[in-house]
Amino acid sequence: MSLPNVLTYDASRNNDARHAHRVALTSFNTGPSNKLTVVDLAPQHQHQPGSAGYGGQGGQDFTQLASANLAFPATKVAWEPSSSIGRHDGGALLATTGDVLRIWELTNGENDPTPAQSRIGYGSRNGYDASYKLSERSVLSNARRVAAFAPAVILSRRANPQSKQHICNLPPITSFSWNPTAPASIVTCSTDTTATLWDIHTSTALTQLIAHDRAVYDLSWLPQSAEIFVSVGADGSLRAFDLRQLEHSTILYETPNSAPLARIAFSNREQHQLACFSMDDSKTLILDMRSPGQPVAELLGHSAPLSAIAWGNGGSSVGESGGGWIASAGDDGQILIYDLTEKIPVEPKAKTSNGPYALSPAVGETPTRTPSPANNAVEYQPVRAWNAPAEINNLAYSRDGDWVGAVSGQRLSVVHQV
């Protein structure tokens, strides 16, 4: 799908099995003209998602359901976890971060008396029976306090779409993670070194702590846990926090050259296995929380800095296994897919160079790479690749882990992992 005059920045695939190909997109514009947009497969593709043309070849295969304005570019967008679906009144929930944490609600306007032409969305056009509406449910923000556990600022419990809120002098929120087992809990991180735990049902900031020595760039809940989350930041460390013992944190990994760690993602199959990468690095590091201190594997093949990582399905292997399929994307315009479905060997294979993968397009300057402590990590090359027409900003797997969506320039493309 091409979005005119909008640089698509982020994408999130729906966790509801009834809408497996519904996608939330955000834009990146320097002015106050950004958008949150929800799209879904066009009706002609609903029952044949594998048909020719799916993924942006030969026309638009997605149609817009609804959109809403954002004053600032969103740093992340995500749908509510599957455990939350059906447990609350109203429509599907989404969250975005940037200047603040916003909770959105996507509703089907079938019974809404508001005329369809006044709503955002396509309505009955393109085969949809009713219009969709995207509205703010709550707006939450925090500013760092003198005390580490001081309460944060609650801007509103349910935002009035007619009111204009001026939010000034608040540190940007760089990312968030929605707890899959306790869906009322969202933890956010900020450039002011803090992490804040929110109860979105009561619009309450439960805890705010100083997480890193410098800006915090990303965080994620440990799968199947309502108490433990892991964060990465500009100080080059990866740290674990337990809400039951907030007096201290555990440093699981530090980059040898203090290179900032930009992103983190946990495996969907092996909860102790996670992936991360450093800013301006072309290599993904795989770590095991049970063996902290150094990566157990390195994923090679990109020829330019990485922009995103995501885990797919766990594979079909039985017994002790690896973390599953994992994809990475970068400024070289590639999605590279790696097979980590088998257990990672204890002894490393013969070392290979981190040169461009065979399907890589030509690029210019070679990026700085993060060295590995003791150099004992197993090196993996990709088994599949897909080339985009421009740099890839972000990617996301479908709920079943078989489809990969990527945003590049003004286009959303979805490819089938076969």
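**Aromatic rings and strand pairing**

Trainee: Why does Phe229 count as buried?

Mentor: Phe229 has a relative accessibility of 1%. Buried means under 20% relative accessible area, exposed over 50%, and partly exposed in between, with a 1.4 Å probe and protein chains only. The value of 1% is under the limit, so Phe229 is buried. Please note that this is a predicted model, in which local features need pLDDT of at least 70, side-chain atom pairs count only at pLDDT 80 or more, and totals for chains, interfaces and linings use all residues. Residues are numbered from 1 along each chain as its sequence is written, and side-chain values use heavy atoms, leaving out hydrogens and water.

Trainee: What makes Trp221 and Phe229 an edge-to-face pair?

Mentor: The structure holds 2 aromatic pairs. In this one, the centres are 5.7 Å apart and the planes stand at 75°. Rings of Phe, Tyr and Trp (its six-membered ring) pair if their centres lie within 6.5 Å; planes under 30 degrees apart count as stacked, over 60 as edge-to-face, and the rest as tilted. Since 5.7 Å is within 6.5 Å and 75° is over 60, the pair is edge-to-face. Trp221 is also buried, at 3% relative accessible area.

Trainee: Why is the pair of Phe229 and Phe241 called stacked?

Mentor: The centres of Phe229 and Phe241 are 5.2 Å apart, with 20° between the planes. An angle of 20° is under 30 degrees, so the pair is stacked. Phe229 belongs to strand E15 (residues 228-233) and Phe241 to strand E16 (residues 237-242), 12 residues apart. Phe241 is buried too, at 5%.

Trainee: How do you know that the charged end of Lys76 sits over the ring of Phe176?

Mentor: A charge sits over a ring if NZ of Lys or CZ of Arg is within 6 Å of the ring centre and within 35 degrees of the ring normal. The charged end of Lys76 is 5.2 Å from the centre of the Phe176 ring, and this distance is within 6 Å.

Trainee: How do you know that strands E28 and E29 pair?

Mentor: Strands (E, at least two residues) are DSSP runs numbered from the N terminus, as are helices (H or I, at least four). Two strands pair if DSSP finds at least two bridges between them. E28 (residues 403-408) and E29 (residues 411-416) have 6 bridges, in the antiparallel sense, so they pair. Ser408 has Arg411 as its bridge partner in E29. The two strands form a hairpin with 2 residues between them, and Gly409 in the turn has a positive phi of about 60°.
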